Amino acid sequence: MNAWLHLARGPLFWTALVFMVLGLLRHLALTLWETARAYHRAGDKDIPVRRVLQDTGRWLFPLRHLGERWPYSLTTFAFHVGVILVPLFLAGHIELWRKGVGLSWPALPNAVSTVLTLVVIVAAFALVLERASARASRALGRFQDYALPLFIAVPFVSGLLVMHPVWNPFAADPTLLVHMLSADLLLFLVPLTKLSHMILLPLTQLVSELAWHFPPDAGSRVGVTLGKEGERI
Amino acid sequence: MATPTRYAYHVEAAALEMSDRPRRFLEAFAAILRHGSYNVALDAYARMSAKCGRCASSCQLYQSTGAPEDIPCHRSELLLRVYRRYFTQSGVLKARLFGGFTLTDAYIDEMAEAYYRCTACRRCKATCPLGMDHGLVTHLARWTLAEVGVIPRALLVSVREQLEGNTHNTSAIPLPALKDSCEFLSEELHDIYDVDIPYPFDVEGAEYVFFPAVSDFLMEADTLMGNAAVMHLTGASWTIGSHNYDGINYGLFYSDRMMERIVNQLVGEVHRLKGRKILVGECGHATRSAWYVPTFGGPDAPPVVNCLEYAYAMLEAGKIPLKAEKIPERVTYHDPCNIARVGRITEQPREILKAICSDYVEMTPNRTKNYCCGGGGGTVSIDEIRAFRTGPMGQRKATQIRDTGAELVVSPCANCKKQLRELCQDNDLGDVQVVGLHDLLLRVIDFGTNGNGGAAEDAALGAESSGSRGADPMPVTAAAVATPDAAGEEGEES
Ligand code: HEM
Ligand code: SF4
Ligand code: SF4
């Protein structure tokens, strides 16, 4: 068991973390590069910066903007608060970083972390239920749209049990192992799934706007490539 | 020539005979991705799409059909699936290992149907947390489909005439007929308002070269008289170019390749006349296409002004004298998506209307959140889908209009006007009149003459042009386009 724990906490964790960070950086670099290229080639470089920034900000901090399906929006919001804060600011996690690489930063009080963790767990199940209960999202939902929230809940459920052994009906070590393995796998999945939105989202409004800023000769070049320059309409 | 069987809209026979479409589609898609700038957006959408369903209820079509195929994200996924499978490394790898999705003829047909069930009005974009622009995906998908021949015939014949025909305009109006038409409008202005207002042709060095939707010359007499009156009263130097007098650009609806050529043709006419600015008439998509002049026209492209912006500025400057009496009927305003969605032209028309109407009411929602008239994205020109446009696609707009209780619906757009008229006819709103903004402005302008266009004359004018208001004008146009040579010598035949 100890060897497993060691593996999950050490090499597996670092591999997954590096994979995630590099994967996200790759997405970011490619997107920035292509965005710059699109801007460079655009015939009309007059980008409505204000509108793009407003739209971007509106969705990065979406509380003022719940829309018709406000229960769903509130659920995602609550879910995100926990999912972002707890892994980064849990006292126990920071302690591990301090021991491991000597870095440390302020932590959330454990009581707050516990509440946020409970929120994430409830919200993850609520996301799945809300998706299944609304006609449009049910029609659209793919396997991953249901599986991801549930899978994200696994490290939170197991983490909660690790923190509060009195609530834990299972043995401590297997619970910890589940926690670490699921967290490692989750990190691994981030760049490969729609979870990559955590790095790409701030760029999406800009990217959508730029797509309308055509290169001046894109049309004629496509015509040439397809051998249609001289063709009658 | 047209074979109506395959899609909801007619395409030319050649399109149905094309072989090897999946390969050609992918070649075209590859070329477009390489030369255009769509790839960044597609990549982001393909990766992130949350499939949350928020966009569904913002689309007027889904609101009335509730069909899964009509969810914006579902429609966009059709093209994104092709993109993922053939143009991303992971997609190619996955296909190699596990097989799965392959582009087929039937799939192309599914896209052909789906992307013409979206008017590319872009209303849904504002509700997507991930900023997915389904109007953009529709725009791109239609271009790619066009390269395998899938183009509604109504759009194709218009563009063919505009770029390769003798008349260089989408309604195939020959120059003599156009001049007759303008002369008639001048006479009309004289008879009703006792003013002499010319339609100047080929004035070199004019400040404004005027490009309305060319169909206005046949169908929107009042709008064009209003346009001329405003230019005349404000002492503007303006002109109509005899080589190109059509602001319509259906390239925007199905092919950037055509759009580029049409914009370049328009800029060419301005340069020929040594004009300084482009003045676009009351037409949403013509205005949005003209906003692409800086894209295609290079560094010394002429600035673009929409006639509403011009009229508003002149009204503000006190250069358009108004009578004391305002328009008494209840008036509401429909925002054309192409000028309103990004908030570029929403206030100017309202300010004008508030100044000239005594009972102006808003329909809700409006401005950047307006609902499409139901005929956007060029679908209004496709007569064979009228039942769709005025049914599921237009119902929401019909309800909005009904709720205002308005007698006059103003929309400064040739496409919206045609659609709204048909919508009112088909939805028990027969008493509602759809007009342009300059039509109303003309009614209240104080020309300082005796023939001030009293009530009786207004009524006479209304009766005279009611044929064009009520009747379905496009068959005439389509016939004219189909046989350009025989196209009526008289512009007023409709
Ligand atoms: C770092 C900044 C992040 C931002 C700005 C962000 C933003 C968003 C947005 C705008 C959505 C859109 C859909 C909705 O509201 O339902 C979304 C969905 C989602 N996000 Fe995030 N997110 C972030 C981080 C994360 C993280 C760290 C996770 C989990 C590891 C995560 C998991 C999810 C999931 C599972 C969904 C889909 C929810 C559903 O089923 O509808 N996000 N996110
Ligand atoms: S019709 Fe408008 S709202 Fe509906 S999907 Fe198309 S762009 Fe979106
Ligand atoms: S709102 Fe955006 S992510 Fe959600 S279903 Fe619609 S397009 Fe997809």
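This is a predicted model: local features need pLDDT of at least 70, side-chain atom pairs count only at pLDDT 80 or more; totals for chains, interfaces and linings use all residues.
**Exercise 1. The iron site**

Find which protein atoms are donors to the iron atom of ligand 1, and work out why the arrangement around the iron counts as octahedral.

*Solution*

Step 1. Look for the protein donors: they are NE2 of A:H80 and NE2 of A:H197, at 1.8 to 2.0 Å from the iron atom.

Step 2. A:H80 sits in helix α4 (residues 70-89) of chain A, while A:H197 belongs to helix α10 (residues 197-211) of chain A, so the pair ties together parts that are 117 residues apart in sequence.

Step 3. Check the angles. The iron atom has 6 donor atoms around it, and they subtend angles of 85 to 179°, which makes the arrangement octahedral.

Step 4. Ask how open the two histidines are. Buried would mean under 20% relative accessible area and exposed over 50%. A:H80, at 30%, counts as partly exposed, and A:H197, at 21%, also counts as partly exposed.

**Exercise 2. Where the chains meet**

Describe the contact between chain B and chain A: how many residues take part, and what area is buried?

*Solution*

Step 1. Count the residues: 64 come from chain B and 58 from chain A.

Step 2. Turn to area. Together the chains bury about 5,000 Å², with 56% of it on carbon and sulfur atoms.

Step 3. The polar contacts come to 24 residue pairs.

Step 4. Finish with the helices. On the side of chain B that touches chain A, α3(B) gives the most, with 7 residues.

Conventions:
Residues are numbered from 1 along each chain as its sequence is written. Chains are lettered from A and ligands numbered from 1 in the order in which they are written. Side-chain values use heavy atoms; hydrogens and water are left out. Donors are N, O and S atoms within 2.8 Å of the metal (3.2 Å for Na, K and Ca); water is not among the atoms, so sites may look incomplete. Four donors count as tetrahedral if all angles lie between 85 and 135 degrees; four count as square planar and six as octahedral if opposite donors are over 155 degrees apart and all others between 65 and 115; anything else is irregular. Helices (H or I, at least four residues) and strands (E, at least two) are DSSP runs, numbered from the N terminus. Buried means under 20% relative accessible area, exposed over 50%, partly exposed in between (1.4 Å probe, protein chains only). Contact means heavy atoms within 4.5 Å. Buried area is the accessible area (1.4 Å probe) that two parts lose on being put together, summed over both. A polar contact is a pair of N or O atoms within 3.5 Å; within protein, one must be able to donate a hydrogen and the other to accept it, and residues adjacent in sequence count only if both atoms are side-chain atoms.
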